[in-house]
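Thanks for coming. I will go through the salt bridges in this one, then a surface patch. Please have a look at the structure first.

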Amino acid sequence: MLNMGAPAYEGVAEKPLRTSLASMSARTAPCHISAAVFSADSLALQNQTVRVSGVWRFRRSGLVGSVCPANLGISARSAAVSAVVVFFALTFASAAFVAVLYRSLLVGVDDASAGRVRHIAEALQSNSPGDLDSALLTTNQRVVAIQLIAPDGKVVTRSGSAPNTPLIPVTEFDFTLRRGMSDDAVPNDDMRVSGQRVNTPSGEYTVLVGGGSEAVEATARTVALLLGCGAPIIIAVAAAASYWLVRRSLQSVDAIRSRVAEISTSDLAERVPVPNSRDEIAALAVTMNEMLSRIEAGHRAQQRFLGDASHELRSPLATIISGLEAAEVHPELLDAQLAINTLLPEAQRMRTLIEDLLLLARVDEQSLVLRKEQVLLGDLAEVEAARVRPDPGCTIHAEISSTRLIGDPAAVSRVIRNLVDNAVRHAKSRVDIHVGSQDGTAILTVSDDGPGIAAAERARVFGRFVRLDSDRARSGGGTGLGLAIVAEVVTAHGGTVTIDDRPGGGTKMIVALPQHTNR
């Protein structure tokens, strides 16, 4: 610690610890050199053999890779970083503290010696050199030598420990107080000299007072040694505390990891434990549970979707297979009536269902590509109205104006078809189709006089495979994908679809599409 702290305060004062360290190095150097020469002569071959074989065993043992920082745990790395940071912080703080302490002690010594010079100078104005108060010549730990030098250069009065010759040539001083000269100015002595030339009735005298710097150096050396001995303890405590805190924090992370590893696709209801602390790890656990909830909901929706799709595909396939098996046993039954009235409608229904499933799959994968073309909304609505007018059980009333928008003509046509088919399916006797525009928005309204949709069910009907029919019979409704496709396509065009009550009873579907879109 002495070597570590010395460079920091050596430049502040002129001679802090440099003499003792230099002498220590000079005394120990010959011993090291002689030992090195002796060992080099006697053990050269043995050292080479041990070094090569030792390195080879060390590498083969895998210890090189095991101590790599990347292979250490977070707790160990945190402890190592903490130890390094505390080490450098203590090094700089200790060096700064020792330097400040050393400098402050030197200032105290200089103040004491300069104060003694002023007191003696004041006493000489009224007393002769031989009549000085003896108290002015006493020494202590700070003031170690006092000299009063006559005009002829001889020491006429001095303290008991002061030499008979001037500490410093008197030519170095004038009538202005000079304080705290470097101890290098006094040969072979650790002393900082303050002095002043004084005019007295007996002539010009020079007052020299030496301040002891040896005690200052001893104090600084002791403090540096104490700091050096205490630093490893502080570093070890800081590293251990960091290791323990990080290890304790990571126990929650390990619990989360263990629970996540136990969760499988067959049981997504499990949740990770949330620590009681309100920190980042608790927030991570809450976020993980929210993610698991979304995954569970998506998994259940996917299972429900697959079950519904399988059910819907099984019905037409069963009908077609039954008809073909009957025709295989009784070939005379396979006629145009069976093909047109039974097989062909079921095949077309299955094709429609598959197309709807593929469209929704593209929407889920965010790969639904819409063309941006001029769409004549009124013309598309008129085509769909003409398609369902032959139905004898429903009257179609159309109020269509010329309305244009930018979008995908095929997708918009599918929206109109699904809404009209849904209205015809549930209407008692009347379906109304209205197309118009307002404030840059194209508005399509399809109404029917059917039983209507309860307010609590209006958001649910846009889900996939959702029917409000209780028996799920094919005669009572479609596949349950029509309104889901409407919602997805309208959203992709930047529009909205809402449900309202029709005046007089029934349901009114309202689709609003921007006529000029940046999507």
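A search of the whole structure finds 16 salt bridges, a salt bridge being a side-chain nitrogen of Lys or Arg within 4 Å of a carboxyl oxygen of Asp or Glu. Before the details, two remarks on method. This is a predicted model, in which local features need pLDDT of at least 70 and side-chain atom pairs count only at pLDDT 80 or more, while totals for chains, interfaces and linings use all residues. Residues are numbered from 1 along each chain as its sequence is written, and side-chain values use heavy atoms, with hydrogens and water left out.

Let me start with Asp-254 and Arg-257. Their side chains form a salt bridge at 3.1 Å, N to O. They are three residues apart in helix H6, residues 214–262, so about one helical turn separates them. Helices here are DSSP runs of H or I with at least four residues, numbered from the N terminus. Asp-254 is partly exposed at 39% relative accessible area, and Arg-257 is partly exposed at 49%. For those words, buried means under 20% relative accessible area, exposed means over 50%, and partly exposed is in between, with a 1.4 Å probe and protein chains only.

Next, Glu-296 and Arg-271. Their closest N and O atoms are 2.6 Å apart in a salt bridge. This pair links distant parts of the chain, 25 residues apart: Glu-296 is in helix H7, residues 280–329, and Arg-271 is in the loop between H6 and H7. Glu-296 is buried, at 10% relative accessibility, whereas Arg-271 is partly exposed at 22%.

Which of the two is buried, and which is partly exposed? Glu-384 is buried at 4% relative accessibility, and Arg-417 is partly exposed at 31%. Both belong to a network of salt bridges that also includes Arg-387 and Asp-421.

Last, the surface. Val-84, Phe-87, Phe-88 and Phe-92 make a nonpolar patch of about 410 Å². Patches take residues with over 30% relative accessible area and no salt bridge, and nonpolar side chains (Val, Leu, Ile, Met, Phe, Trp, Tyr) are joined within 5 Å, like charges within 9 Å. Areas come from the Shrake-Rupley method with a 1.4 Å probe; for residues, only the protein chains shown count as cover. Val-84 lies in helix H5, residues 74–124, and is partly exposed at 44%.

Key:
Helix = DSSP H or I, 4+ residues; strand = E, 2+ residues; numbered from the N terminus.
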